[in-house]
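Subject: Structure handover

Hello,

Here is the structure I promised to pass on. Please open it first, then read my notes below.

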Amino acid sequence: MDMVDISASIAGQKLQSCLFNAAGAHCVTRGELFDLGKSRAGLILSKSCTLEPRKGNPEPRYKDLPYGSINSMGLPNQGYLFYGKIAKELKQHFSKPYFVSVSGLSFEDNLTIIEHLSQIKEIDALELNLSCPNIPGKPQVGYDFEQTEKLLDAVCKITEMRKKPLGLKLPPYFDFVHFEQMAEIIQRYPVKFVTCVNSIGNALFIDPEEEQVVIKPKGGFGGIGGYYVKPTALANVRKFYELLGNRIQIIGCGGVKTGIDAFEHILAGASAVQIATALVQEGPGCFARIEEELKEFMERKGYEKIEDFRGRLKVMD
Ligand code: SIN
């Protein structure tokens, strides 16, 4: 299996493994970021940060479900200065890329955060989160094409001037017209990658015995992850790969629990794969397990590297 290579390259950064954490999963505290550094994850991605530190929504705000999870975390994080400051320390300990996820609560907050983080050389790229569904009163920017364009206009001026690679975390789309409209906007900007997808927002899970919702915030509505979202995630990876794949990299996220799930994302067009629910449920040991499973499946198929099959999904005549 040593013949099988699952390295990847994202936004010009070399990853020893194409598997890493999704923003939100096991990446809030210093300890969690160090756990990722010590694990087999190919990259460390921070929790989406806001201007001020946040405690997040009231608990219980995460629940494991039979085929995945529901959450309404509400962006608990230590504030952007923390994720900027820790960059140097992470680089001293680990030789893997460090990306920071940004989710300012307003247009101005995003610009302030990005202006600061773009100047920190130990941060290899930024992932702008356009898709958090869990802040009461704040819509998901990625569903508002006008707002997205306005934000990208301003953000890209900064990241271009500072030469900091920028990616976008997108919500799931469900209509071909929306994929095309979003792709048309994105390709006008110097975006290096898009991550497809964030959780399917505002889902509702019900405990019939208790006749009750399973999380406290927003009357029980929350983002759904895990196997419930895998077909939607694959569809988003595939569609954006078809629309943007020559110029902008796609990172797959959604329903990756096994090496074969990761294989499917890569087959659909993903250049790397993020893991959320499985990481929360199993801990950072999941990266070594999923890596072994992916290598085993690739070896069985006769593939030596991920570029041998990336995007080569067959369709029926
Ligand atoms: C949260 O903190 O509510 C989750 C973040 C996200 O879904 O973007």
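Start with Lys-230. This lysine is buried, with a relative accessible area of 12%. Keep in mind that the model is predicted.

Lys-230 forms a salt bridge with Glu-264. Their closest N and O atoms are 2.9 Å apart. The pair links distant parts of the chain: Lys-230 sits in helix H6, Glu-264 in helix H7, and 34 residues separate them. Glu-264 is partly exposed, at 27% relative accessibility.

In total, the structure holds 17 salt bridges. Another one joins Arg-40 and Glu-291, with the closest N and O atoms 2.6 Å apart. Here too, distant parts of the chain are linked. Arg-40 lies in the loop between helix H1 and strand S4, while Glu-291 belongs to helix H9. The two are 251 residues apart. Arg-40 is partly exposed at 47%, but Glu-291 is buried at 2%.

Asp-308 also pairs up, forming a salt bridge with Lys-305 at 2.8 Å between the closest N and O atoms. Lys-305 is partly exposed, with 40% relative accessibility. Shared partners also join Arg-40, Glu-291 and Lys-295 into one network of salt bridges.

Now the cysteines. How many disulfides are there? The count is zero. A disulfide needs two cysteine sulfur atoms within 2.5 Å. For Cys-196, the nearest cysteine sulfur is that of Cys-253, 9.4 Å away, so Cys-196 is in no disulfide. Cys-286 is in none either: its nearest cysteine sulfur, also that of Cys-253, is 12 Å away. Cys-196 is buried at 1% relative accessibility, and Cys-286 is buried at 0%.

Best wishes

Note on methods
Residues are numbered from 1 along each chain as its sequence is written. This is a predicted model: local features need pLDDT of at least 70, side-chain atom pairs count only at pLDDT 80 or more; totals for chains, interfaces and linings use all residues. Side-chain values use heavy atoms; hydrogens and water are left out. Buried means under 20% relative accessible area, exposed over 50%, partly exposed in between (1.4 Å probe, protein chains only). A salt bridge is a side-chain nitrogen of Lys or Arg within 4 Å of a carboxyl oxygen of Asp or Glu. Helices (H or I, at least four residues) and strands (E, at least two) are DSSP runs, numbered from the N terminus.
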